[in-house]
Amino acid sequence: MDIDQEGEVIGQADTSRQIILPGEAQPGIIHIIPQEHRPFFPGQAIPLIMSADRWLPTLEAVRERGQDVIGLVATREPIEGKVSANQLYDMGTLCKVHRVHREGDQLQVLLEGIQRFQVRHWARDEPPLTASVRYFPDAQAHPDEEEKAYAVAIINTIKELIPLNPLFGEELKIFLARSNPNEAAVLADFAASLTTASKEELQEVLERVTLLPRLELVVKLLHREREIAAAQMEIRENVEKEIQGHQREAVLRQQLKYIQQELGISKDDKTAEVDEFRARIEKLDLDEKVAAKIEEEMSKLQVLEVGSPEYGVTRNYLEWLTCLPWGITSKDASDLKTARHTLNRHHEGLDDVKERILEFLALGIKKGDVAGSIICFVGPPGVGKTSLGRSIAEALKRKFYRFSVGGMRDEAEIKGHRRTYIGAMPGKLIQALKDTEVANPVIMLDEIDKIGSSYQGDPASALLEVLDPEQNSSFHDHYLDVDFDLSKVLFICTANQLDTIPGPLLDRMEIIHLAGYLDNEKLAIARKHLLPRQLERAGLAKSDVKIPATTLRKVISGYSREAGVRRLEKSLAAVVRKCVVKLLDGVKAPVEIKPDEVEDYLGKPTYVPEQLQRGVGVVTGLAWTALGGATLPVEATLVHQRNAGLKTTGQLGDVMQESANIAYSYIAAHADELGLDPDFFAKSGIHLHVPAGATPKDGPSAGITIATALTSLARGKAMKRGFAMTGELTLTGLVYPIGGVREKLIAAKRQKIKQVILPKANQGDVEDVPDHIRKGLTIHFVEHFDDVVELVF
């Protein structure tokens, strides 16, 4: 064997030894070359590419020894760096070297596998590797019947593989045509080399010297190869079928479009869209500016390419302009009796609120246009503000649209984005008009007291134009860039409190206060609305569950003392769920819940009955909270008589602490006039506490309550039973008005307090309170603290 260093192909030096028969004697010590990828089998011819720097010395050593064979052994793992003998398997294939060709730093070596060998021991365990080997030539005798059967199975399996795998070409068909079941060993090695089995599995085939086990393993590998090829064929056919289906559909669609155009019964996409826009315009009542704008955009659309970005922007703009209800309004209901029936059907109580709404509707019905005024419902959560808005829309037979402005920080939510931005859209109001398809819907702006502001703008300021009847007839959305008339829209806002609503915005709204519900009203709401709704949601009939009025009263008093009815509805939902479980467990209907079983359904009561405190230095006040009204006990006690001082606790805010100091100063300065010992305040350390300690409190309305507690302490005498009071006190003893009168009266009524003391200036507020709330209350109006002392002592 010669090796040409100039890149020429050199054949064998001795042509008399071109073929080495299996029976020929082979050298006992041979050189070894590692094979990293797959083992090499006898009967194969393969060109190998290897590094000249690393393996040229080995090939030259083979030539120097006068040999033309070399051992090819698979590596156990990828070779990194220097090769050592322990990285190689023990079993390999003896190969005849037919040709060596050098190209730069690469060697191309053509090898032919001859027979198996096993390394006995390594003569040299580093390159050039040499080893003493033992050969395993395949027997030349005819195979037995079992081996022949395996050989036939191999031939048939390969024939099945040919149509499944396009990589098996004509050469394989020619080989199979010439193959003989009597040459089972050759077939086994050849079939193994065809598979995509792993290096370890192929090495196992190489190491099976006995023919029958080798044939068994090869048949298994071929069967697995056939399953893989069949799965690949199925996947390929499905993909090709789907692609062909899409291509066929696209071709047919294109042909259909061409035929329709030739017959004049179809148009291209652009023409069809322009015609659609024109058909929409014919149904609208457009003013001149809007019509001119639409026509201008239509002309632009017709000259633009369909695939251009500007085409999409213009098309979307025209889509919005032509979808808006320009001049389209729904006819309002003109029957006040129907409106009254609708409000009464959906809401219990709130008679004063419903009457105010009916007055508003009556005025609109009379003049033929229910608009021009912005209503704002203010009240605690769960009192029915949103549902009242829906009822107004139903009473007027108008479309209803609600969106929450709570937490909104971007004015573009109201006035839209400019069309220069990617993904620009109109504001919420224009979207509402598109969804309702009329220019006079009822639009509810929920949670307007929680609207925010940020660097992106102030939505509250943007709402000034929307909610001003003098300006909203020409509302300008940034996206539309044309004016839209919002004057026919009935806007209804909701809020829990007015303090956080900006003054200019509040000035544009007509405020309607919704106070909390009394227990009797909650009972009626639960029986007529909440319980039937929960039964319906649970899929139960009214006859399946029986909840007496006494049970409902216990649920209301123990688990739902807030102003609204949301917690009451949650409690009833929990009761109904447990009833469903009982019914499914086999309990016969109806399931009756008795008052003493309420705790089994809802656990311990959230609220325990409040015992009104009474004693020296203890006075019951009235307070307003965001959830409604509440009673507020004030306690004053004498700590020591060493020196004068006033200590306050109960998480009192700055304003309430000032009220406490004012009350203390007034009582101490006018002790003689109030019949008190002047020396009492000069030498007494007094502690004033307002429970509960974990609840923050603030406001000036506890002034007369604190002053009365200090007076009671100084007199050593408790005030009369059944009184509660609220009012701001000045240093001159005057009683100033306070807010939240309605909620405070409801809190007094809930605690069964009979007599309430209020500032004289709040008399007008009391007259606005519904009669059913005032019923059973004796309200005393005072102008000076002396009037309070005269009433309670």
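How many nonpolar, polar and charged residues does the lining of the largest cavity have? Hold that for a moment.

Some ground rules. This is a predicted model, with local features needing pLDDT of at least 70, side-chain atom pairs counting only at pLDDT 80 or more, and totals for chains, interfaces and linings using all residues. Residues are numbered from 1 along each chain as its sequence is written, and side-chain values use heavy atoms, with hydrogens and water left out.

Now the overall picture. The protein chain has 27 helices and 24 strands. Those are DSSP runs, numbered from the N terminus: helices are H or I of at least four residues, strands E of at least two. The radius of gyration is 48 Å, well over the 28 Å that the globule rule gives for 793 residues, so the chain is more spread out than a compact globule. That radius is taken over C-alpha atoms, and the rule is 2.2 Å times the number of residues to the power 0.38. Along the principal axes, the C-alpha trace spans about 145 × 90 × 65 Å.

Next, the sheet. It is open, has 5 strands in the order β8-β9-β12-β7-β13, and its pairing is parallel. Pairing here takes at least two DSSP bridges between two strands. β8 (400-404) and β13 (510-513) are at the edges with a single partner strand each, so one side of each has no neighbour in the sheet. On average, neighbouring strands are turned by 20° against each other, direction ignored. Axes are lines fitted to C-alpha atoms, for helices over the stretch in contact, and angles run from 0 to 180 degrees between N-to-C directions.

Look at β9 (442-446) and β12 (490-495). They run parallel and are joined by 4 bridges. L445 has C493 in β12 as its bridge partner.

Two helices to point out. α11 packs on the sheet and touches β7 (375-378), β12 and β13; its direction makes about 150° with that of β13. α12 (385-396) also packs on the sheet, touching β7, β8, β9 and β12, at about 165° to the direction of β12. Contact means heavy atoms within 4.5 Å.

Back to the cavities. The structure holds 2 of 30 Å³ or more. A cavity is a set of points, on a 1 Å grid over the protein atoms alone, where a 1.4 Å probe fits but cannot get out; lining residues have an atom within 4 Å of a point. Points are joined across faces, edges and corners, and volume is the space filled by probe spheres set on them.

The largest cavity contains about 80 Å³ of space. It is lined by 13 residues, and L350, D352, A515, G516 and I773 are the closest to its centre. α11 (351-367), α24 (741-750) and α26 (771-774) each give two or more residues to that lining. And the opening question: 8 nonpolar, 2 polar and 3 charged. Ala, Val, Leu, Ile, Met, Phe, Trp, Tyr, Cys and Pro count as nonpolar, Asp, Glu, Lys and Arg as charged, and the others, Gly among them, as polar.

The second largest cavity has about 40 Å³. Its lining includes I547, T551, L572 and Y601. The largest share, 3 residues, comes from α20. By class, that lining has 8 nonpolar, 1 polar and no charged residues.

Last, two backbone details. The A589 to P590 peptide bond is cis, with omega near 0°. P590 sits in the loop between α19 and β15 (591-592). E447 is not a glycine, yet has a positive phi of about 55°. E447 lies in the loop between β9 and α15 (459-466).

Methods: 1 Å grid on protein atoms, 1.4 Å probe; cavity = no way out; pocket = protein on both sides within 12 Å on 5 of 7 lines; lining within 4 Å.
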